[in-house]
Structure formats: structure tokens, C-alpha cells
Amino acid sequence: MAAIRIGLDRLPPAARAAVEERTGHLLAVEEAAEGFNSEIAARVTSATGAWHIKGLRTDHLRARTQRREAAVAPFLTGLGPALRRHVEAAGWDLLGFEVLGGHRADCAPGSPDLPEVASLLRRLGETSCPGIELRHAGQRLEHYAAHRDDLRLFAGAHLLHTDLNNPDVLVDDHAPQGDRARLVDWARLVDWARATRGAAWLDAGYRVVRLIAAGHAPASVEHWAAEFPSWHTASTEGVTAFAAANADVRSEVSNDDPDPWTLRLVTAATIWHAHRGTG
């Protein structure tokens, strides 16, 4: 369930003062419209720069996601935003990330952003997991796998994002037109609250569902995923088991959060599961 969003002005005075000790007096605050993992989400500007601030109370049920993002951030060079500030004060945990320019990825069929998304996934599939405490993919999916033995198919030592929603993929507006597929550094992933350790191909699997929801056919998306070396490390059994488990995950999430996009993901996951069963 999404965290209840509040404005930065509702921080306790001591917490805001601790932020301004590191940033300087805040000149402008623009509350973020996307993402609801955090209670605080805003772009702030001061005399010393600009940051994207995310925050949760330290006693919040999701407080561990803040600690996870702080722990993984140093290992995301070229993949995600740099963590510039980390403040814990007055019962709040606040992260200040660099502000990334660009636009939210458009993943509809024929979009010029698709090569950048593919490049990002290729880099993700090559990224080993740092030696920090993270949940394993099998732990994340253990209540949804059809058979407990399926969980071994998701095991691995790679760093996974696992929540690749379109708003979390930012494509630099300065990316050159034309032969963009050769370029490897124009897209970044934000919101690493669900960072996980697991098989290298799983992020491509999570992305398959989003692409089907964006209008792609299951067979064409799997053909697209086959461009990634990590995809070829997956067994047919593993991909099919993941599609089944993910369909159950999406169905459960929709019960708590039945917004239109969530329901589209349920439909997409169900379509992929059916495709795997007959493809």
C-alpha cells in the first residue's frame, strides 16, 4: 500500500533545520507527483544546488526501504542517481539525491526511448550485487511460486531493481537522435526501494510485463528481451515459473491498489502467463 504523501513543510522544525544545515536555506520546493513509496518526495533548490529529497518516518512500516536505498546508492554509478545527502533527525530519515534531467520513458510500440531502456537493462544484467544486506529474489516470490523448487530458478548474485515502472526510467533529453541504440548512458533508474539480489535476467522479466501493458505483444517482447545476454542465462522453466508467480503478485497488489495502471499490469501479467503456458 502506498505511503501517505505529505508536504515538506510538515516536517518537524528540527528535521527541516537538519536538512538546511547540509543544503543551505531552501529557496524553492516542488512537491513530486509520481511515486508513493515515501511520505516526503520533493525537488528542492537552495543557494548550494538542487536535490530530490525522499523521506519516511524512522518508525514507518517501510522505513527499511530508506535504509536500503541509502545502502545501495554508492553502487549505482551509471544506473541511478547519486546520493548527496542523508539526514536522520527528529524521527525522520531523509535522502537527498542528485536531480536527474530528462523525461519519463515512453515504452509504447515504436517509441524512440525503447533502445535506451534496452541499454539500461543490458547494464543492469551485468551488475553484480554489492556485499550489503538485501532480500533474495526467492524470498520476494516465495508466497507466489507454484512450487517451492521454482525459487531456485530465481537465485543469483546480481543487483536487481524489480520495480521498473515507466516513471522510474528517466531518459536524458539530450540523447542524440539517430543511432541511439549504440549509446549506453542516456537512461537512469530511480527509486531503488525494492533493490534485490537474484538472477541477472529477472529485471528483463519484470520489464516484459510493463511492455505488454504498454501495448506490445508477448511474443515480440520476449524477442526484444532475447537481445540481452542475461536473458539467455534463464531456463525456459525459470521464465515460465516467473511469469506465473508475477501474475499472482499483480493480482494481489490490485486488491490493495485498484487504480487503472495497476489493473493494466494485472491484465498484462495474465496475458504473459497464458502465453508462457501455450507458447
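**Exercise 1.** Determine how many bridges join β2 to β3, and in which direction the two strands run.

*Solution.* Step one is to count the bridges: there are 7 between β2 and β3, and the two strands run antiparallel, where strands (E, at least two residues) and helices (H or I, at least four residues) are DSSP runs numbered from the N terminus, and two strands pair if DSSP finds at least two bridges between them. This is a predicted model, in which local features need pLDDT of at least 70 and side-chain atom pairs count only at pLDDT 80 or more, while totals for chains, interfaces and linings use all residues. Residues are numbered from 1 along each chain as its sequence is written, and side-chain values use heavy atoms, with hydrogens and water left out. Step three is to pick out a pair: T45 has A50 in β3 as its bridge partner.

**Exercise 2.** Find which strand β1 is joined to by 5 bridges.

*Solution.* The strand is β2, which runs antiparallel to β1, and within β2 the residue R43 is the bridge partner of E30.

**Exercise 3.** Identify the buried residues of α1.

*Solution.* In α1, residues 13-23, the buried ones are A15, A18, V19 and T23. Seen down the helix axis, they fall within an arc of 125 degrees (taken from the directions from the axis to the C-beta atoms), so they line one face of α1.

Note on methods:
Buried < 20%, exposed > 50% of the residue type's maximum accessible area, 1.4 Å probe, protein only.
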